[in-house]
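Welcome! Here is a short tour for anyone meeting this protein for the first time. Take a look at the display below, and then we will walk through it together.

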Amino acid sequence: MTIAHPHATLTTTPVHDGPAGPQWWRSAVIYQVYPRSFADASGDGIGDLPGITSRLGHLAALGVDAIWLSPFYRSPQADAGYDVADYRDVDPIFGSLADVDRLLDRAHALDLRVIVDLVPNHTSDDHAWFQEALVAGPGSLARARYHFRDGRGAHGELPPNDWESIFGGPAWTRVDARPGAEASDHQWYLHMFDTRQPDLNWDLPEVRAEFEEILRFWLDRGVDGFRIDVAHGMVKAPGLPDWGGTVAMIDGAAANHGPMFDQDGVHDIYRSWHRVLAEYDGDRALVAEAWVEPLARLARYVRPDEMHQAFNFAFLTSRWQTSTLRTVITASLAASDEVGAPTTWVLSNHDVVRHTSRLGLSSPGARPNGIGHGDEQPDEALGLRRARAATLLMLALPGSAYLYQGEELGLPEHTALDDDLRQDPAWWRSGHTERGRDGCRVPLPWSRDAPSFGFSSGGRTWLPQPSSWSAYAADAQVGVPGSTLEMYRTALALRREHVLGAGSLAWVDDLAETSDAIVLVNGDVLVVTNLGTTPVPLPVGAHVLVSSGDLADGDARSLSVPTDTTVWVTLI
Ligand code: NOJ
């Protein structure tokens with residue numbers, strides 16, 4: 001295919017046509033709010049729902065379509081709320097159900113949709129079901145809701161199988177090892193994450209029925225969808241067989257082929273949930289957090305009668321390399337096109353080192369589980385430059401894009417957090433070999449000159465903010481040309497105006513052939529991301545819409561795109 005341009009004819013290879021339907025989630029930009037670190041109205045140093053509501057104007061002005069809230073349910077916070085004790089209530093540190101209603105009202109008034117997190121793979125050990133199971137003892141119906149087993153070995157002293165927890169250590173805890181437990185209770189229970197997060201038994205119809213009711217509870221309250229935690233993990237292979245492998249959340253999906261993940265039976269659950277959501281108006285949506293590969297396996301979660309979106313972690317975990325990124329983008333679109341679903345794009349979330357810092361490492365694209373004192377420290381300026389380029393590339397792609405709070409400010413990871421302040425269970429359970437995820441969860445800086453940079457009305461923060469973050473504060477960037485915040489706002493407005501999320505994609509071959517650049521066209525927008533060391537000249541007369549960095553002057557008639565820079569230009 002060739003594209004006529006006033007001053008050039010571009011040869012292209014089509015990859016993807018426009019969207020398969022009009023639903024909002026096919027092209028939406030969705031902003032992840034991590035409640036404990038977004039904004040704190042109560043003054044206790046932990047973010048809360050009223051804090052979020054008070055800052056929704058920032059998100060509307062940013063230009064996103066929806067927000068996804070990480071869990072705010074009643075929880076002992078053993079895994080920052082991914083350990084839910086009551087799925088129908090709000091933890092007092094975050095507020096109340098009335099605060100959820102107010103948040104939903106305000107968001108909807110601002111034309112922002114709201115997705116909430118659902119954690120169905122495991123409950124908290126404080127959940128009434130688990131407490132009941134502990135008391136009821138072996139063989140009880142209450143224990144059947146979880147995976148309780150007798151141990152192996154002459155005295156049941158060995159775990160029932162060889163599975164490991166994703167946070168490190170065995171995936172089993174013996175009941176009598178729990179504080180206050182019956183000393184004669186030698187059964188073990190399964191927890192793919194922390195010992196305080198027992199896995200539910202999804203073979204039990206009662207468990208399935210309960211979660212359908214939980215979906216309805218929140219749908220009735222007006223949420224627009226759910227992000228499904230560990231969506232690939234609920235169904236385990238019959239008999240919980242030994243495996244001999246290791247599991248990982250952040251190290252990519254390669255490891256996750258064991259009998260605890262991506263079992264065919266899990267899809268029945270999503271078919272039934274699809275039917276529940278279809279009873280409601282407004283195109284409510286389910287998004288899968290499923291660390292599954294290859295992409296064809298991931299696509300099975302978004303078949304027409306299952307979920308609507310799945311996080312595309314292949315893009316997040318891609319190296320900063322032209323050929324890899326091109327391959328991942330092509331393969332992602334092909335896999336989701338196959339089932340008529342949109343692709344999603346994501347670079348950062350609350351489980352990974354922020355992309356500003358990942359891309360500032362000597363091996364850009366490396367994925368350490370946290371960075372701390374004594375580890376290689378990222379090059380902050382280089383990381384930010386590449387992150388801005390990566391973001392502009394992402395926002396030009398057709399499909400839905402996810403942003404993680406603070407990335408619009410260019411926030412780096414906190415890479416020098418004192419180890420004794422760490423709260424991620426992965427830090428302890430890995431025997432201090434993994435720093436964990438606290439560094440990407442530090443409270444946001446809103447105001448350059450205020451205590452806690454305006455995060456908390458009480459001037460406190462549950463994790464310390466680096467003093468260098470004053471330069472990243474939102475109020476230091478608003479209205480400042482070239483700031484990261486203004487780049488995001490401009491890009492999001494242009495993405496909407498040029499309908500890029502619902503657009504098409506074709507690789508532009510002739511510009512890319514002569515350079516180490518990703519060059520694509522989506523509708524009337526030409527996008528160049530230069531990862532090489534030689535500047536890439538833009539077609540003569542190109543009109544620059546937005547750029548992640550300064551453009552070098554080319555010859556007398558054209559501009560060129562320098563290293564680690566993305567630019568969007570119009571073709572006509
Ligand atoms: C994935 C979540 O994103 C992560 O934060 C959590 O620790 C695990 N699932 C367990 O729920």
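Predicted model: local features only at pLDDT ≥ 70, side-chain atom pairs only at ≥ 80, totals over all residues.

Strand S8 and strand S10 (residues 188–190) run antiparallel and are joined by 2 bridges.

These strands belong to an open sheet of 3 strands, ordered S8-S10-S9, with antiparallel pairing. Strand S8 (148–149) and strand S9 (172–174) each have a single partner strand, so one side of each has no neighbour in the sheet.

## An eight-strand parallel sheet

Next comes an open sheet of 8 strands, paired in parallel, in the order S13-S12-S11-S7-S4-S3-S15-S14. Its edges are strand S13 (309–310) and strand S14 (344–346); each has a single partner strand, so one side of each is left without a neighbour in the sheet.

Strand S14 runs parallel to strand S15 (residues 400–404), and 3 bridges join the two. Here Thr 344 faces Ser 400 in S15. Helix H14 (residues 484–497) packs on this sheet, where the helix touches strand S3 (29–33) and S15, and its direction makes about 165° with that of S15.

## The nonpolar cores

The largest nonpolar core holds 138 residues, and those with the most contacts inside it include Tyr 31, Phe 72 and Trp 273. Leaving aside residues up to four places away in sequence, Trp 273 touches several others, among them Leu 118, Trp 202, Glu 212 and Met 234.

A second, separate core has 17 residues, including Leu 511, Ala 512, Val 519 and Val 521.

Technical notes
Residues numbered from 1 in each chain as written. Heavy atoms only, no water. Core = buried A, V, L, I, M, F, W, Y, C linked by side-chain atoms within 4.5 Å. Buried < 20%, exposed > 50% of the residue type's maximum accessible area, 1.4 Å probe, protein only. Contact = heavy atoms within 4.5 Å. Pairing = 2+ DSSP bridges. Helix = DSSP H or I, 4+ residues; strand = E, 2+ residues; numbered from the N terminus. Axes fitted to C-alpha atoms, helices over the stretch in contact; angles between N-to-C directions.
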